[in-house]
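This report looks at selected parts of one protein model. Please view the sequence and the structure first.

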Amino acid sequence: MPTPPAHTAPADADALLRLIDEVLRELQPGTVRHASLDSTLDRELGLDSLSRVELLARIERRFGLRLPTEVLVAAETPRELLRAMAQAARAGGDAAAAAASPPPPPSSAPESVIEGAAAALPDSAATLVEVLAWHLARHPERTHVRFLVDDEHAETLSYAQLHAAGVRLAGALVALGVRPGDCVALMLPSGLDFFRCFFAILFAGAVPVPMYPPARPNQIEEHLRRQAGILRNCEARVLITFDRVRPLARMLAGLVPTLAHVSTPAALAAAGSAPQPPLPLRSSALGLIQYTSGSTGDPKGVALSHANLLANIRAWGAAAAVVPQDVCVSWLPLYHDMGLIGTWLGSLYHGCTLVLMSPLDFLARPERWLWAIHRYRGTVTAAPNFAFELCVKRLADTALDGLDLSCWRLAANGAEPVNPDTLARFATAFARYGLDARILTPVYGLAECAVGLCVPPPGRGVVVDRVRRASVRLGGQVEPATAAAATAGPVNASDATPPASAGHAAGTAKAVDTANAAGTASAASAADTLRVVSCGPALPGHALRVVDADGRPLPERTVGAVEFRGPSATAGYYRNPTATAALIRDGWLATGDHGYLADGELYLTGRAKEMIIRAGRNLYPYDLEQAVGELPGVRKGCVAVFGCDTPGEADERLVVVAETRVQDAGARAALEARITAAAMDALGLAPDAVVLAPPHAVLKTSSGKIRRAAIRDAWLAGTLGAPSRAAWLQVLRLQLASLAGRARRAALAVPGRLQAAWAWSAFLLLAPLATLAILTLPRLAQRWAVCHRLARLHARLCGCALRVEGADHLPATGCVLVANHASYIDGLVLAAALPQPVRFVAKAELRDSRLLGPLFERMDTCFVRRFDPGHGVEDADTLAAGAGTGAPLLFFAEGTFSARPGLQAFRLGAFQSAARQGLPVVPVALAGTRAVLPDGSWQPRPGALTVTICAPHAPAGEDWHDLLALRDAVRADILTHCGEDDATRR
């Protein structure tokens with residue numbers, strides 16, 4: 001055995017290894033396996049996340065320590081655990097003392113009460129940015145988020161602090177080249193930086209793309225390759241991550257052509273960029289893109305507009321009776337829709353304080369969740385089923401003296417199948433702490449509907465429909481189980497606590513009546529009884545239906561494909577038209593789930609893609625997976641059941657994959673026999689293949705869901721359970737792939753860089769000639785003629801074909817020209833297109849330039865002070881007076897431009913100047929300049945350029961409505977010919 005670290009007693013090392021062996025024996029009864037100090041906890045010992053949670057809890061109890069939460073992820077070997085134990089001992093971390101200390105007192109009142117405006121909500125807000133602005137105007141210093149760093153420390157974020165940080169970081173993003181409509185990826189752990197960066201992205205007019213950070217070093221290669229697919233799909237320009245991941249994330253640049261920057265919140269904050277006030281957004285603009293956790297080679301990013309998000313939040317709030325006085329307590333990760341939209345954005349809209357902790361803090365010590373509810377008087381929570389099960393497993397037999405959960409009014413259970421037994425056990429275990437079983441609320445949602453789709457009435461509790469298992473088949477009428485079978489089934493939460501409300505009593509009566517209706521059904525045994533949990537009706541304003549394979553609606557209590565529609569529904573998957581076409585049919589969206597409706601409420605029976613067709617029956621894997629997971633020798637929660645097509649046969653092969661550490665051939669054969677027997681009991685048929693796989697062969701998503709399709713593919717490819725590569729080898733492979741990608745990008749960029757170098761060389765050759773002519777020639781017409789010819793020559797040298805249309809529309813006498821503005825080369829193109837002199841109206845900053853100022857003045861440029869309202873009237877009068885004398889004035893009526901295509905709103909200065917002098921306004925439409933040199937780039941490229949001179953418009957008068965009519969007519973002409981859409985209508 002290797003020598004333990006000098007600061008750790010050998011006795012502690014031996015005791016730690018004995019404790020690990022004890023956990024291994026419990027996980028794998030009958031196996032003999034001994035840990036060493038350098039055994040890897042996952043690959044060699046097979047300890048997954050939940051097994052580590054159990055191990056850390058036992059270490060703390062056995063050694064009287066309190067280990068940091070990070071150990072749950074960071075420690076890879078017992079030796080590293082030993083180091084963490086020694087550090088905790090030196091720091092004086094004492095679990096026993098912590099347990100003996102009195103619980104934190106409850107807050108005197110929820111922080112989220114808004115005095116004088118308890119019921120007010122931002123009902124008129126059209127975007128998330130407007131929601132924040134609404135709160136900022138009313139209670140800027142109120143606490144919006146309280147992040148629990150540890151048991152003793154918390155960080156807070158007010159609405160004013162969120163807005164100020166967002167403005168500051170948005171400026172840094174704009175400085176990095178982020179433009180409206182760009183996607184910016186967020187790969188951050190839970191914490192206040194996530195909220196700041198999310199709103200910074202929105203303030204910059206960009207689209208946030210939440211991504212989950214890598215969980216473990218041995219998964220780094222697969223994780224980053226999957227994230228690279230997402231980044232390529234959304235064409236992200238910037239990835240915001242944290243220091244520990246940033247060096248690895250930089251390797252993505254070689255795998256993602258559009259990724260220009262990988263930064264951190266601290267680096268953005270330190271950039272010192274000018275603040276960026278929130279850009280105006282429309283409700284139809286994308287609010288975020290939510291990628292499904294299983295996204296791989298063909299990523300499916302759910303595109304959600306601000307309108308989608310706010311519709312869902314408002315409907316969920318109405319159905320769940322959320323009010324500003326509520327306090328939401330959550331540990332859910334912010335990259336997941338339930339944590340991001342359901343808890344944070346929902347809390348933001350309703351003005352509730354969000355009390356947030358790290359998911360690792362919950363996994364390591366689930367009691368923290370309950371104590372946070374107690375301390376901050378939490379009223380609303382949401383969590384997957386496994387969270388309630390973990391609390392029961394870890395805390396049911398633990399004394400939590402002083403815990404008070406009577407404030408808790410809604411505990412939403414969703415994101416994975418809801419087990420009524422889990423909720424019954426949870427209700428029983430925590431009833432002595434004031435928990436009311438009626439708060440337990442199964443819900444249903446999906447990313448394609450933002451987050452929520454169905455929710456039962458609050459306070460009703462769990463409603464279970466007991467039906468004959470054999471009747472739950474596609475197109476089949478669900479039959480109730482016999483009364484005997486119903487009462488023989490496990491107790492559920494509805495039965496565990498007698499209902500006190502009418503709504504709950506009605507729900508319980510429905511379950512009982514369903515069971516008593518067995519007189520019309522064939523006899524069913526207790527083993528044939530399937531309990532299906534109600535997820536409630538659709539949210540207000542949304543609709544549900546169940547259809548057959550041809551899309552025909554089915555009657556109630558008939559199993560089919562579940563579809564929905566409503567204002568929360570996505571318009572489709574981002575840049576994935578094939579997947580979008582499969583999602584939407586006649587305005588209804590496919591959920592991918594099977595189920596049935598009863599009294600307008602949804603009862604789910606399984607995922608469509610996980611259904612197995614065998615012996616003429618439609619089977620779902622869940623019950624068999626649970627039954628096999630309970631067998632001795634099988635790793636619980638590490639079982640996958642799936643169907644596999646057989647060439648030439650209609651039926652699929654039924655395959656069971658179970659992780660085990662059993663090595664003895666006889667013991668493995670006996671285990672296979674027990675798995676077959678379990679399949680016979682659960683399904684009435686034997687599996688075609690039983691695969692005993694090593695630990696970690698059963699692949700899972702970041703949220704712990706079994707990836708059955710990926711497991712099937714690995715089994716067919718013969719790679720199931722192949723040992724994972726060492727972390728250093730994964731990093732090396734990624735680095736090589738990244739270098740290859742960078743080399744390809746560099747090679748592809750060579751022609752463009754050479755072309756750009758030639759364009760700039762030509763410019764540097766011709767610019768001195770133009771400068772000399774401007775400074776020496778006496779008349780403006782002479783200077784313009786030289787610049788006109790040089791500009792046309794430069795366009796030809798750069799490979800830009802210039803076409804001028806409508807030159808005959810230029811009046812022989814005075815006029816005002818109005819052009820759109822899309823690129824820095826617009827002035828050069830106009831000089832090449834217009835044979836007669838014009839006087840540009842330019843920003844006053846150019847006059848102050850020592851190099852350019854004299855040149856612009858020699859070309860009779862008129863300067864205006866854009867950001868000085870005090871001189872605005874004076875500038876307007878000067879322009880109006882000069883419009884009728886000399887060469888025509890040329891205005892860029894948009895004022896500025898960006899890389900994003902689209903004709904912006906026009907300012908009125910040009911039209912006022914023309915109206916005062918009675919001069920016609922000539923629309924000039926530029927097309928192609930943005931493609932040749934877009935904003936944020938100094939690499940020009942060849943392209944076709946068109947300048948269209950439209951017929952003049954005479955002003956009808958000088959009053960306000962006349963100016964607006966003139967502006968609209970000119971803008972309509974330019975919009976017709978500039979080749980871009982109307983940015984004001986997005």
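## Two helices in contact

Helix H26 (residues 780-797) packs with helix H27 (residues 826-833) at an angle of about 110°, and their axes lie 7 Å apart. Helices (H or I, at least four residues) and strands (E, at least two) are DSSP runs numbered from the N terminus. Axes are lines fitted to C-alpha atoms, for helices over the stretch in contact, and angles run from 0 to 180 degrees between N-to-C directions. H26 and H27 are therefore roughly perpendicular to each other, a term that covers 65 to 115 degrees.

In H26, Trp784, His788, Ala791, Arg792 and His794 meet Leu828, Leu830, Ala831, Ala832 and Ala833 of H27; contact means heavy atoms within 4.5 Å.

## Basis of the model

The model is predicted: local features need pLDDT of at least 70, side-chain atom pairs count only at pLDDT 80 or more, and totals for chains, interfaces and linings use all residues. Residues are numbered from 1 along each chain as its sequence is written, and side-chain values use heavy atoms, with hydrogens and water left out.

## A seven-stranded sheet

Seven strands form an open sheet with mixed pairing, in the order E26-E32-E31-E27-E30-E28-E29. Two strands pair if DSSP finds at least two bridges between them. Strand E26 (802-805) and strand E29 (862-864) are the edge strands, each pairing on one side only. From one strand to the next, the twist averages 25°.

Strand E28 (residues 839-843) pairs with strand E30 (residues 889-892) in the parallel sense over two bridges. Arginine 839 has leucine 889 in E30 as its bridge partner.

Definitions and conventions: Angles under 35 degrees count as roughly parallel, over 145 as roughly antiparallel, 65 to 115 as roughly perpendicular and the rest as oblique.
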